[in-house]
Amino acid sequence: MRVLFTSPPGVGHLFPTVPLAWALRAAGHDVLVGTAAEGLAGAARAGLPAVDVAPGAPIAAVFGTGTGTTAELAARMRERGRRIAAAGSRTDPLLLETFGRVSDLMADGTLTLARWWRPDLVVHSRLHPAGLMAARALRVPAVEHGFNLFREEALAARFLPYLAAAYERNGVPLELPDRVVLHLAPPELMIGDGDGWSMRYVPYNAGGALPDWLRLPTARPRVLITLGTVVPALAGLTGLRHTIDAAGQTDADFVLALGTDADVTALGPLPGNVRPAGWLPLHQVLAGCSAVVHHGGSGTMMGAICSGVRQLVLPHGADQFSNADLVRRHRLGLGCAPEEVTPQLLAELLAEGGPASGVADAAELMSRLPAPAEIATRLAHPGGIDRPADQLSALAPVTGGSAAHWTDG
């Protein structure tokens, strides 16, 4: 079976799909990634072949990342993030328009790639409807691959008007293909309505060498601090100033993981209990941490859930305000504005029980879900999609044939 993965450029959308791509490759299937810009390097780091479907396209301009000062970009991020949060579980039209425009820039190249490679199945990131058009054009099924705790039954249909021009210029009927939605969390943790398959979230943040100090036991709690990859580039590191000051007054060891390009000197002298660490594979670091302070990116939030680590979310934009609300709702930790972090708040985060009393239960719920290998088997076996999850392991992998006739039952 051939499976085409399609994703917008951001690695935050690509990385959650990597475990399923690996599982399909390990089962003997062929996988190809259609993406652009930084997504190409992200796919290569994951050991996946990739094709640039939009060379030279002005994708950054769609997100407004190429204009304005750092302060203006940060303010714009906050405004959009609060608007997205106000929409609740229903995707805000701002996101539909933004990612619809990105998909329009990538749609022609994605379809050209699909018509050349002839996949049996198209897996597309939740906010990347270009994959829907490619699947409909080839009359093969599509899998909407989630990356957070939100579900919305009508999301794909709501995207269609934003891709109408791309469908028309490529001679594709403005219709949805046969499809299934893949959620990456247990139903108990998700908000919104919609059926779909549930798959265990397997954290992937690319590889990296683990420093020796990370493997040493600590006499006090270890706390990870990160802002992901996008926030430092757009808003800088000033949002961490209060966190660093509060960390210096907290009885814990802090690991500052801000990537290889972030200028940590912008934070001034660091307290003795704050260690700058550059780029680290976060899922490995989280395993040895008591808590994580982060921007509210879905990948970091989901990784912390899997590790049973309490969270303090400092939202800057995008879906981060919504994720902060979810962390509080499920008693996974706390959320506040970056300038509101205090030593008392960090102490509350690290205290037993309290606002993070739900972390162990959430991790247990996640661990019970089918792994990507089981979902890969289910996708490859048209007759297996109606079987309960506990029977999936009885299905032998298939390394050829087509999945073009399965349905969601």
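I'll start at the end of a helix: α7 is followed by R139, and the phi of R139 is positive, near 60°. Keep in mind that this is a predicted model.

Now α7 itself, residues 130-138. Is this helix mostly covered or mostly open? Covered: eight of its nine residues are buried. Those are A130, G131, L132, M133, A134, A135, R136 and L138. Note that an arginine, R136, is in that buried set.

Next, what α7 packs against. One partner is helix α6, residues 93-117. The two axes are 8 Å apart and meet at an angle of about 35°, and the crossing is right-handed. On the α6 side, the contact uses S103, A107, T110, L111, A114 and R115. On the α7 side, you have A130, M133, A134, A137 and L138. By type, the residues of this contact come out as eight nonpolar, two polar and one charged. As for the spacing along the helices, residues three or four places apart in an α-helix point the same way, because there are 3.6 residues a turn.

On to the cores. The largest nonpolar core has 50 residues, and the ones touching the most other members are F5, L20, L24, L149, L182, M302 and I305. Helix α2, residues 18-26, supplies the largest share of this core, at five residues. There is also a second, separate core of 29 residues, with A54, V102, W117 and A135 among them.

Last, L149. What does it contact, beyond its neighbours within four places in sequence? The list is A185, L189, M190, I191, M301, M302, I305, L326 and H330. That's what I have.

Technical notes
Residues numbered from 1 in each chain as written. Predicted model: local features only at pLDDT ≥ 70, side-chain atom pairs only at ≥ 80, totals over all residues. Heavy atoms only, no water. Axes fitted to C-alpha atoms, helices over the stretch in contact; angles between N-to-C directions. Helix = DSSP H or I, 4+ residues; strand = E, 2+ residues; numbered from the N terminus. Left-handed = near helix turned anticlockwise from the far one by under 90°. Contact = heavy atoms within 4.5 Å. Nonpolar A, V, L, I, M, F, W, Y, C, P; charged D, E, K, R; others polar. Core = buried A, V, L, I, M, F, W, Y, C linked by side-chain atoms within 4.5 Å. Buried < 20%, exposed > 50% of the residue type's maximum accessible area, 1.4 Å probe, protein only.
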